[in-house]
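Subject: Structure handover

Hi,

Here is the structure for you to look over. My notes follow below it.

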Amino acid sequence: MGGLAAEIPLLVHDTDGYIFLDIDDTIIEVHGYQKEGSGYGYSGVRRLDVFIATVKTDLSAPGINSQRLRCGADVSVTARMDPAIKRAIGTIPDSAWTAI
């Protein structure tokens, strides 16, 4: 748990509590013919096939621990830009951002 907590700074745990790990696969529809790692599925939709692992404890909210494409490039997670998200982004110091 200590190594996982180092990866997810907001992960708080109680040694007597539970740790819930959820691994899901999902399909992300993409547009454009040059999307690295994308392909056409049985439905005819161009997509990325992604595995996402989330973790939750009895004292913390769920957090995305890792993500991986079945093949190809990295994937980003997006959220609707509602007022709460904008406030949360506003609290991130400039030194914490990583250029991509």
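Two strands count as paired if DSSP finds at least two bridges between them. Keep that in mind for the strand notes. One caution before them: this is a predicted model.

**Overall layout**

The protein has two helices and four strands. From the N terminus on, the order is α-β-β-β-β-α. Buried residues make up 16% of the 100 residues. Take the contacts with a separation of 6 or more: residues 24 or more positions apart account for 44% of them.

**Strand pairing**

S3 pairs with strand S1 (residues 19-29) in the antiparallel sense, over 11 bridges. Within that pairing, Ile 23 has Ala 53 in S3 as its bridge partner.

S3 also runs antiparallel to strand S2 (residues 39-40), and two bridges join them. Here Gly 39 stands opposite Arg 47 in S3. S2 and S3 form a hairpin with five residues between them. Gly 44 sits in that turn and has a positive phi of about 85°.

Strand S4 (residues 60-69) is antiparallel to S3 as well, with seven bridges between them. Val 55 has Gly 63 in S4 as its bridge partner. The hairpin from S3 to S4 passes through two residues.

**Arg 47**

Is Arg 47 buried or exposed? Arg 47 counts as buried because its relative accessibility is 14%, and the cut-off for buried is under 20%. This residue lies in strand S3.

Which residue does Arg 47 form a salt bridge with? The partner is Asp 49, with the closest N and O atoms 3.2 Å apart.

Not counting residues up to four places away in sequence, Arg 47 touches Ile 27, Ile 28, Glu 29, Val 30, Gly 37, Ser 38, Gly 39, Gly 41 and Tyr 42.

**Phe 20**

Phe 20 is in strand S1. Phe 20 is partly exposed, with a relative accessible area of 47%. Leaving aside neighbours within four places in sequence, Phe 20 is in contact with Thr 54, Val 55 and Lys 56. Phe 20 and Asp 58 are 38 residues apart in sequence. In space they are 8.5 Å apart, C-alpha to C-alpha.

**Nonpolar patch**

Which residues make the nonpolar surface patch of about 380 Å²? They are Met 81, Ile 89, Ile 92 and Trp 97. Ile 89 is in helix H2 (residues 83-90). Ile 89 has a relative accessible area of 33%, so this residue is partly exposed. That value also meets the patch rule, because patches are made of residues with over 30% relative accessible area and no salt bridge.

**Places to look at in the viewer**

- Arg 47 and Asp 49, for the salt bridge.
- Gly 44, for the positive phi in the turn between S2 and S3.
- Met 81, Ile 89, Ile 92 and Trp 97, for the nonpolar patch.

Best regards

Definitions and conventions:
Residues numbered from 1 in each chain as written. Predicted model: local features only at pLDDT ≥ 70, side-chain atom pairs only at ≥ 80, totals over all residues. Heavy atoms only, no water. Salt bridge = Lys/Arg side-chain N within 4 Å of Asp/Glu carboxyl O. Patch = residues over 30% accessible without salt bridge, like charges linked within 9 Å, V, L, I, M, F, W, Y side chains within 5 Å. Areas by Shrake-Rupley, 256 points an atom, 1.4 Å probe, with all protein chains shown as cover. Buried < 20%, exposed > 50% of the residue type's maximum accessible area, 1.4 Å probe, protein only. Contact = heavy atoms within 4.5 Å.
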